[in-house]
Amino acid sequence: MTTPALTLQGFPESAPQARRLAAALAIPFSEIAARRFPDGESLVRVGDAAETVILYRSLDDPNAKLVELMLAASALRDAGARRLVLVAPYLCYMRQDAAFHAGEAVSQQIIGRFLDGLVDGVVTVDPHLHRTHSLAAVFPTARAVAVSAADMLATRLRDKGLAGDAVIVGPDSESRQWVEAVAAPLGLDVLVGAKLRAGDRDVTIEIPGIERIAGRPAVLVDDVISSGATLAESARLLRTAGAASVDVMAVHMLAPAPALAMLKAAGVGAIESADSVPHDTNTVTLAPLLADAVRDVLDGLD
Ligand code: R5P
């Protein structure tokens, strides 16, 4: 039997997303079996190795996932895979890009180098690289490509029939790139706030020009929603300023159910996200975008 040239293997928690990517690439998919022993260790069993294997795993809630990824990559190499390309639509540990206090680990570099040693290529979506200007600084040897979901979020809002007087709102300066990229193709007005973070769930936000929202629909756009504190505070401000409605659209939705309840309590209506992280709020499938990025990475590999 000849070894297939290219297959995609993915972990159980994101099997539907991985299957959609395999379908977009017209390649076979198989699910990696991962089981936790009572002591917390993992047993990983990969499928047959192709010459090139696309490994799909989004790295939200990442600690155990990283170890299992290492085991899977190693098993695939042992089984004869010559090239491994990691598709991690959400790339973990990118926010800690500096030691903010003495002794802190610079997780972005450490995790980047760990993944760099496992695979030959990486595809990700909107990595949180605000002070690091290029993914190449995170992955010194692997061919790494980052794509943005902003156009697909804009398409979703257009398909929903968003009103022409709607305003796309970002909670902080870091969100400006997504806010502008979503608003521009729709020809919508934007507002961008300034955020002061005192703790994981303690943020203060000011939105200059917020009086413009009175009587108009607002759509809060951000790259990541984690505790929900940032957008809950933004929604409260927008409601107080008279917004007709406040909806939320995010690339990476990490928020657990209580965080969604907090957003609702703050006056948020629809909450939607891309499927970079499997979540009940997913309405935007990134498979076509990821397929193009995978082709791009494969073109650049030996
Ligand atoms: C920060 O730079 C990010 O873009 C998000 O605004 C932040 O991660 C959201 O976190 P949380 O939902 O915990 O407020």
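How far from an oxygen atom of the ligand does a polar side-chain atom of histidine 128 lie, and what else surrounds the ligand?

A: The model is predicted, and the values below are computed from it. In histidine 128, a polar side-chain atom lies 3.3 Å from an oxygen atom of the ligand. Arginine 95 also takes part through its side chain: one of its N or O atoms is 2.7 Å from an oxygen atom of the ligand. Serine 226 contributes through its backbone instead, with an N or O atom 2.8 Å from a ligand oxygen. On its own the ligand has 370 Å² of accessible area, and the protein covers 94% of this.

The wider surroundings may be considered next. The ligand is surrounded by 15 residues, and the closest are Glu174, Asp222, Asp223, Ser227 and Thr230. Strand 13 provides the largest share, namely 4 residues.

The ligand sits in the largest pocket. The chain itself contains 8 helices and 16 strands, and its C-alpha trace spans about 65 × 45 × 35 Å along the principal axes. A compact globule of 302 residues would have a radius of gyration near 19 Å, and the 20 Å of the chain agrees with this.

Key
Residues numbered from 1 in each chain as written. Predicted model: local features only at pLDDT ≥ 70, side-chain atom pairs only at ≥ 80, totals over all residues. Heavy atoms only, no water. Near = heavy atom within 4 Å. Polar contact = N/O pair within 3.5 Å; in protein donor to acceptor, adjacent residues only side chain to side chain. Areas by Shrake-Rupley, 256 points an atom, 1.4 Å probe, with all protein chains shown as cover. 1 Å grid on protein atoms, 1.4 Å probe; cavity = no way out; pocket = protein on both sides within 12 Å on 5 of 7 lines; lining within 4 Å. Sits in = over half its atoms within 2 Å of the grid points. Helix = DSSP H or I, 4+ residues; strand = E, 2+ residues; numbered from the N terminus. Rg over C-alpha atoms; globule rule 2.2 N^0.38 Å.
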